Amino acid sequence: MPGVRSFAVLPALPEPLRDLELIAGNMFWSWNREYVELFKRIDCNLWNACGHNPVKLLGTVSQARLEALAENEGFLGELRGAAEKLRSYVERPTWYEKVCSSNNEPLIAYFSAEFGVHECLRIYAGGLGILAGDHLKSASDLGIPLVGVGLMYQKGYFRQYLNIDGWQQEVYHENDFYNMPIELVRKESGRALRISVEYPGRCVVAQIWRVSVGRVKLYLLDTNVRGNSSGDRMITSSLYGGDRELRIRQEIMLGIGGLKALSAMGINPTVCHMNEGHAAFMALERVRDLRASKNMTFDEAVEAARAGNVFTIHTPVKAGLDEFSVELMDKYFGHYFPNLGINRSRFLGLGRMLPDDENEAFKMPVLALRLSSYVNGVSRLHGEISRGMWGSLWPGVPTDEVPITSITNGIHIKTWISDEMNKLYERYLGPRWADEALDRSVWDNVEQISDAEFWQIHQRCKEQLIAFARSRLKAQMQRRGTYHTELNHADEVLDPGVLTIGFARRFVSYKRGNLLLKDPQRLVKLLTDPQRPVQIVFAGKAHPKDNQGKDIIRDIIHFARQYNVRRRIVFLENYDIDMARILVRGVDIWLNNPRRPMEASGTSGMKAAMNGVLNMSTLDGWWCEGYTPEGGWVIGDGEDYDNSDYQDMVESQAIYNMLENEAIPLFYTRSADNLPRGWINRVKNSIKWIAPRFNTHRMVAEYTRRFYNPSAARYRYLTAEAMARARAFSKWKSEIRQAWPEIAVKDVVMEINGGEGGEQLDPRQPQLKVGSTLNVRALIKLGSVRPEDVSVELYHGPVDIWGNIREGASVRMGCERAAEAQGEYWFVGAMPCTRTGQHGVAVRLLPMHSDLTNPHELGLILWEKPVETQNGELAECEEAFQG
């Protein structure tokens with residue numbers, strides 16, 4: 001290979017068109033339809049051929065066309081208005097400035113392995129990336145001081161096509177970085193800014209690409225640079241490709257390299273948000289950097305770093321949780337952990353459920369959990385599931401107190417809503433409806449929308465979907481070598497007057513993409529009903545290594561052929577953001593039937609609902625909060641099954657029943673003017689409930705109030721005064737851990753109502769009446785620990801048949817006085833009895849300090865020892881056991 005000198009060729013835009021470069025270079029155009037229309041005016045066919053990429057469009061369009069546009073006053077007027085709108089957007093006051101103090105403004109760095117901003121930036125695979133893209137857009141709209149950090153993949157995720165048998169095939173297309181809406185970060189000298197990350201026996205260099213997403217910047221690392229070995233240039237080759245070794249190399253670059261890149265650009269975040277565990281090595285690098293720059297011990301640096309870390313868990317599915325073998329960790333971190341000031345055993349323990357288990361792999365979510373001050377799941381149900389999954393990291397802590405909360409996902413409405421629906425909302429909700437999406441009262445005006453107008457817009461979107469589907473299907477058939485005479489079949493699929501069901505998502509076994517096929521005869525009857533038929537549009541990819549997912553796709557193709565229902569069942573290849581927008585706008589029902597509780601959240605149903613589509617879903621993920629009887633349908637009742645085949649049978653029948661008895665009759669019942677008014681009423685109920693609750697403006701505002709601002713304040717507090725508070729806090733924790741084994745509950749005395757007339761509770765027959773108060777005195781041995789360093793609590797609540805407290809609550813006990821023995825104290829507390837039934841109470845101790853984010857941060861909890869029951873069964877059991 002001869003030496004090649006590379007250079008960039010830029011569009012030669014006439015002076016009047018210079019603002020096109022400004023507009024094309026900021027992804028703000030991706031959620032503002034008038035900008036897309038502006039690009040389409042340049043050359044509509046070329047816009048589509050360029051994959052909706054404005055930079056490529058400007059570099060491909062003929063010079064003659066550009067010269068003609070430079071003299072077109074109508075086009076220039078639109079261009080000036082568009083440029084002014086962008087400048088005004090960037091400069092105007094924001095929600096964050098109005099609601100949150102602008103003093104000591106934090107800087108949030110949002111790390112994610114993928115970002116789905118737009119289909120022309122192919123660095124996303126699915127829901128995780130789409131959410132990350134929507135997160136950036138809402139952060140921009142709200143004015144949150146945030147930057148994104150990720151990887152710039154040379155090939156991105158694969159393109160999907162099916163062979164003649166319906167089996168998924170994958171092909172990778174190279175991204176042309178220099179014809180994308182990104183720019184290389186450069187030094188003042190003009191040379192590319194590069195960072196270096198240490199790998200075993202070498203350093204890997206990466207350059208940084210910048211994407212402007214409205215007010216927010218997204219920085220993407222790229223190792224495909226000269227000077228790196230061919231293997232290292234492949235680190236950022238493809239998303240979720242390769243083996244475990246490539247994955248650990250990618251995640252080192254994302255986490256460690258990402259933080260180094262920010263530092264090289266002079267960006268010093270106060271808060272680092274890990275969107276799933278892929279970026280968890282960032283937390284280690286934060287600790288290492290603090291140790292090196294501030295001369296701190298490992299424990300001191302951990303306190304400071306943890307204060308500014310946020311972690312969002314995204315999946316309860318084991319396959320989605322990254323873990324690495326001990327051998328890989330030794331290979332890639334054998335040189336690294338000494339820089340943390342800890343030994344190998346303690347380092348590996350940071351990523352293990354059981355730190356001393358030498359056979360356990362290193363789990364990225366565990367590392368993130370241990371080094372974050374705020375942790376959340378992405379729906380209420382997922383928060384519950386996550387507390388159960390990871391609760392053993394906090395031994396002895398009741399599951400509902402495990403410090404994992406939830407912030408339910410949302411969508412960026414303007415990205416996903418159709419242009420027609422946007423205009424309808426502007427007319428009835430007001431021109432600034434999108435900025436006021438959090439205000440529930442705004443959505444009450446949905447009732448004012450004319451049924452006829454609403455249905456006309458929905459039908460138009462359905463016609464656009466059908467035109468798209470026919471065009472895509474014809475292209476699929478041509479690629480497979482279908483006879484020309486059969487291509488006419490593509491022009492006959494789908495009917496705009498027929499009830500249309502959409503199912504589009506990743507094809508993996510737990511999402512059950514073939515659940516509708518379980519009773520073929522019953523489904524065929526629904527599809528071919530001469531009076532009230534249904535039709536189904538499928539789309540989605542299976543992971544290249546997931547043969548079960550590929551089998552499901554093939555099952556759908558075979559079903560359509562076998563039962564001759566290809567006009568009524570369509571599978572569209574290569575599902576991406578562009579196709580998703582068309583699908584969620586054009587179907588009538590959005591079907592989602594994951595096996596509960598495997599769906600952490602899901603957001604596609606939210607996108608559909610905003611466009612006037614009704615959801616039919618199992619009670620999983622977001623739908624547990626999104627479902628209302630007047631605004632959609634629920635499959636089952638949230639039951640758990642031991643037999644998955646039986647579950648599939650029961651829930652597939654439930655879908656058929658709902659379609660036959662509710663959805664189909666409601667859709668086809670028409671008023672005198674041929675409007676399905678009952679259906680439209682249900683759609684309006686759905687929009688009113690879902691729109692203000694499940695959008696990323698709400699979600700990002702919630703992250704800001706609950707996590708970002710408190711985390712930033714705590715980080716600034718602990719790192720002030722030359723890290724003095726972090727050092728002192730670390731010292732206090734160390735002393736508490738050392739002294740904790742000395743602590744014991746020596747005695748517990750319970751009385752009814754207390755005072756002089758107090759009656760001591762008979763432990764053999766502990767009965768109280770509603771309205772009475774249970775007073776408790778506990779003798780606690782603290783040893784060298786001060787009373788103010790512990791929280792002594794009464795933990796109480798209803799008990800189950802096993803005698804365990806469920807849905808417990810705690811009451812803080814106060815230190816009454818020192819006891820006679822040194823280091824022992826009497827604590828007192830009271831618990832009101834407000835309802836009947838069997839209740840339990842126990843005394844427990846937790847560490848207490850004003851700098852703790854939560855009382856379980858140290859993982860220390862002491863419960864009083866089990867007491868003898870009223871009939872002495874426990875004592876008898878112990879005697880029998882000992883005998």
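Predicted model: local features only at pLDDT ≥ 70, side-chain atom pairs only at ≥ 80, totals over all residues.
**Exercise 1.** Work out how the radius of gyration of the protein relates to that of a compact globule with 883 residues.

*Solution.* Begin with the expectation, which for a compact globule of 883 residues is a radius of gyration near 29 Å. Next take the value for the protein, 30 Å, which agrees with that expectation. As a further description, the C-alpha trace spans about 95 × 70 × 50 Å along the principal axes, and the chain forms 29 helices and 29 strands.

**Exercise 2.** Determine what share of the residues is buried, and what share of the contacts with a separation of 6 or more joins residues 24 or more positions apart.

*Solution.* Turning to the contacts with a separation of 6 or more, 73% of them are between residues 24 or more positions apart. For the surface, the accessible area comes to about 37400 Å², and 48% of this belongs to carbon and sulfur atoms.

**Exercise 3.** Identify which residues touch the most other members of the largest nonpolar core, and describe the surroundings of one of them.

*Solution.* The largest nonpolar core has 183 residues, among which Phe281 and Phe333 touch the most other members. Helix H28 (residues 696–739) supplies the largest share of this core, 15 residues. Leaving aside neighbours within four places in sequence, the contacts of Phe281 include Ile248, Ile252, Phe324, Phe333 and Leu367. Finally, a second, separate core of 100 residues includes Ile130, Leu424, Ala542 and Trp679.

Note on methods
Residues numbered from 1 in each chain as written. Heavy atoms only, no water. Helix = DSSP H or I, 4+ residues; strand = E, 2+ residues; numbered from the N terminus. Rg over C-alpha atoms; globule rule 2.2 N^0.38 Å. Buried < 20%, exposed > 50% of the residue type's maximum accessible area, 1.4 Å probe, protein only. Contact = heavy atoms within 4.5 Å. Areas by Shrake-Rupley, 256 points an atom, 1.4 Å probe, with all protein chains shown as cover. Core = buried A, V, L, I, M, F, W, Y, C linked by side-chain atoms within 4.5 Å.
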